[in-house]
Amino acid sequence: MTISDPIQQGIKQGWQVVNGLKVTKPLVFEADVVIIGTGAGGGIAAETLSNAGLTVLMVEEGLLRSSNDFNMDEHVAYGELYQEGGGRTTKDGAITIMQGKAVGGTTVVNWTSSFHMPEATLQYWQDQFTVAGINSSTLAPWYQYIEKRLNIGPWDVPPNANNAVLKLGCEKLGYQVASIPRNVKGCWNLGYCGTGCPTNAKQSMLVTTIPAALENNATLLYATVAQRFNWKQSQVNELICYPLKQVNGVLNKQAPITIKAKHYLIAAGAIGSPAILMRSNVPDPYRRIGLRTFLHPVTMSVAQMPQEVAGYAGAPQSIYSDHFQWPDDDQMGFKLEVPPLQPVLASVLMKKTGDALRQRMLKLPYTQVLLALLRDGFHSESQGGRVILHNDGTPILDYPLTPYIWKAVKHSLLTMAEIQFAAGAKQVFPAHIDSTLSNSWHEVKEQINRLDLVSYKTLLGSAHVMGGCGMGETPYNSVVNSQCRFHHFDNLSILDGSVFPTSIGANPQLSIYALSALQSNQLANELTKSKSNS
């Protein structure tokens, strides 16, 4: 069966798309709005603003890849569709950060899980950061709109065996468990969501809002790095970009691209957005830019099941548990989910090398894995990290690991192992370099209690980066206000996960979609009114 590629069709029909790798001389563009980043925040904003009749220009540092390019090859996908070729880590290398880098951003490679913002998170933001007007009531119509636009709804297909273990174990232990809504349409249930959807079933920005914006005569510059703003007093005057000279990230500084706009909108992600502000040396009197960047640090537990699991096939994430998300005591909560087990990804999760890794990988068809998303940012000992710049201006996240976090790591490993044995696992081991196979819940509990839970030995990863440009009504503890406007400029907004004052305790894509829809609609109304009066 032949799958049509809407991106390639659109380009043939005349979409305004510029490949930075082919730019050889300085260029100048003008627009009503320039949007930096084409992921969850930028993609929604691009459609919204272009629907309002505004001229929109999108800048994306990643490559333009589409369904004809997605062949379920992990090596190609990680190299082409992820930040730093899939090798992004925190400054000390202790946490791997899986973050998208492509037209469509992380929405192209995420696992489709779609959750509303937890009510407790929104209340915490109001109480601690004076966030105003962002609550369940104000977000409700935008959730409804986004869920219809991106076909987000319950996944009624039975979970694959990998996810079914979480469901069965939680049910046997009396823990809350439920199905995960997904943003898919006509999903083939292949399981390779993390390498780009070859059937266009995943309703990412790549196949929904970006094509819609281009149909509205928006312009897309890809393989192009937004380097810095030139500004004066309370206004941004222009954005300076550089096209990529090579795919590996070398900039062509002989061919700068200057963009002049009425309004500038950053949606480059919670590491990229603070970096642009810092490279621009914008006002930051309270040193908030890049501060309080959060990750949902992820721990994992591996089980050997008596029956075949084949975790590399079927919807990668379809079951979750929030039973431990909001504990009554002072502990860090966590959300339980399941990762897919494609071979390259699975080999990393084993936290082994040499023959030990080979032996574990031989059992991959019978291997099951649980993950825990640790909810950081809600405690004095969980302040997140800070985005800083290398000498060449590229960003990196410095993220300290506190005893408070390590306590949650241990709790999550114990919980996941208990669930796996309850679901019938033959053997379980935590993802740790010193781990061994345990044959019972009692045995693995003893093992986890004596393991040296420290950086590098313990597997820690993340696919959710939030904060760094937190919102709030007081500049001394925030970067943008509750409308996501930069406190110190009149014509600069930020619309992505970087504006979250904490992590949110859920996969963030749907929350970013809804927030971007709310704020970009308000911005569209303001800009179109101003345009008609000028």
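This is a predicted model: local features need pLDDT of at least 70, side-chain atom pairs count only at pLDDT 80 or more; totals for chains, interfaces and linings use all residues.
1. Cys197 is buried at 16% relative accessibility, and Cys469 is buried at 0%. Here buried stands for under 20% relative accessible area, exposed for over 50%, and partly exposed for what is in between (1.4 Å probe, protein chains only).

2. Basis of the values. Residues are numbered from 1 along each chain as its sequence is written, and side-chain values use heavy atoms, with hydrogens and water left out. Local features need pLDDT of at least 70 and side-chain atom pairs count only at pLDDT 80 or more, while totals for chains, interfaces and linings use all residues.

3. Negative patch. Asp328, Asp329, Asp330 and Glu381 form a negative surface patch. Patch residues have over 30% relative accessible area and no salt bridge; like charges are joined within 9 Å, and nonpolar side chains (Val, Leu, Ile, Met, Phe, Trp, Tyr) within 5 Å. A salt bridge is a side-chain nitrogen of Lys or Arg within 4 Å of a carboxyl oxygen of Asp or Glu. Asp330 is located in the loop that runs between β14 (319-320) and β15 (334-337). Its relative accessibility is 56%, so Asp330 counts as exposed. Helices (H or I, at least four residues) and strands (E, at least two) are DSSP runs numbered from the N terminus.

4. Nonpolar patch. Met72, Trp188 and Leu190 make a nonpolar surface patch of about 260 Å². Areas of this kind come from the Shrake-Rupley method with a 1.4 Å probe. Met72 sits in the loop between β3 (56-59) and α3 (74-81), and with a relative accessible area of 33% Met72 is partly exposed.

5. Positive phi at Arg292. Most residues other than glycine have a negative phi. Arg292 is not a glycine, and its phi is positive, near 55°. Arg292 belongs to the loop between α8 (269-279) and β12 (293-294). At 10% relative accessibility, Arg292 is buried.

6. Positive phi at Tyr456. Tyr456, also not a glycine, has a positive phi of about 80°. The loop between α12 (441-450) and β20 (461-462) contains Tyr456. With 46% relative accessibility, Tyr456 counts as partly exposed.

Definitions and conventions:
Lys and Arg count as positive and Asp and Glu as negative; His and the chain ends are not counted. The place of a charge is taken as NZ of Lys, CZ of Arg, CG of Asp or CD of Glu.
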